[in-house]
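Keep the model open beside you as you read.

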Amino acid sequence: LSLKLGERGKAKEYLNEIYQVKNGEVEPSFLKNLLLLCIELEDKQGSIFFFKKVFENSFPYGLDSVQKNEFNDYMSMFMKNQWYEFVHEVYRTLLVAHPNEDEYKRRLIVVSVKTNRIKEARDLAAKVA
């Protein structure tokens with residue numbers, strides 16, 4: 001009801017309470033809704049927590065193509081909120097796990113520039129070319 005009324009903050013609180021009551025035993029779609037609300041409301045701590053919950057069984061080695069797209073969408077939302085350090089950490093982890101994946105290199109280049117890691121960005125750019 002809070003979502004329909006546009007009370008996103010209240011909706012997040014209620015969904016978080018349900019998550020707590022159920023000891024985290026909720027459907028993946030429930031977690032994704034909580035993650036999206038946290039990102040939208042710029043709740044960095046909550047966003048990181050639910051991001052890790054959504055991908056806990058597949059990050060960094062088991063992302064299928066659908067999960068990879070969702071994953072990158074969430075990372076783009078984190079970037080929009082300027083949470084660059086966390087995004088850098090995530091893409092650095094993915095690149096270590098998948099060193100030949102150019103997509104992760106390109107994304108890490110972008111976030112490296114945003115975090116003033118210019119040397120790292122240059123080194124990665126040389127490897128992508």
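**From the core to the loops**

Both Phe 51 and Phe 71 are buried, where buried means under 20% relative accessible area, exposed over 50% and partly exposed in between, with a 1.4 Å probe and protein chains only. You are looking at a predicted model, in which local features need pLDDT of at least 70 and side-chain atom pairs count only at pLDDT 80 or more, while totals for chains, interfaces and linings use all residues. Residues are numbered from 1 along each chain as its sequence is written, and side-chain values use heavy atoms, with hydrogens and water left out.

The rings of Phe 51 and Phe 71 form a tilted aromatic pair, 5.2 Å centre to centre with 55 degrees between the planes. Rings of Phe, Tyr and Trp (its six-membered ring) pair if their centres lie within 6.5 Å; planes under 30 degrees apart count as stacked, over 60 as edge-to-face and the rest as tilted. Phe 51 sits in helix α3 and Phe 71 in helix α4, so their pairing ties together parts that are 20 residues apart in sequence. Helices here are DSSP runs (H or I, at least four residues), numbered from the N terminus.

Now turn to Tyr 91 and Tyr 104, a tilted pair with 6.3 Å between centres and 40 degrees between planes. Tyr 91 belongs to α5 and Tyr 104 to α6, so this pair ties together parts that are 13 residues apart in sequence. Tyr 91 counts as buried because its relative accessibility is 2%, and Tyr 104 counts as buried at 3%. Ring pairs link these residues into a cluster that also includes Phe 55, Phe 59, Tyr 74, Phe 78, Trp 83 and Phe 86.

What surrounds these rings? The largest nonpolar core has 36 residues, and those with the most contacts inside it are Leu 35, Phe 51, Phe 71, Met 75, Phe 78 and Tyr 91. Such a core is a set of buried Ala, Val, Leu, Ile, Met, Phe, Trp, Tyr and Cys residues joined through side-chain atoms within 4.5 Å. Leaving aside residues up to four places away in sequence, Met 75 touches Phe 51, Phe 86, Val 87, Val 90 and Tyr 91, a contact being heavy atoms within 4.5 Å. Ser 47, in helix α3, counts as buried because its relative accessibility is 0%.

Lys 68, Asn 72, Ser 76 and Met 79 in α4 meet Glu 103, Tyr 104, Arg 107, Val 110, Val 111 and Lys 114 in α6.

Finally, look at the loops. Most residues other than glycine have a negative phi, and most peptide bonds are trans. In the loop between α3 and α4 lies Pro 60, and the peptide bond from Phe 59 to Pro 60 is cis, with omega near 5 degrees. Glu 42, in the loop between α2 and α3, has a positive phi near 55 degrees. Asn 116, in the loop between α6 and α7, has a positive phi near 60 degrees and counts as exposed because its relative accessibility is 64%.

Note on methods: Helix = DSSP H or I, 4+ residues; strand = E, 2+ residues; numbered from the N terminus.
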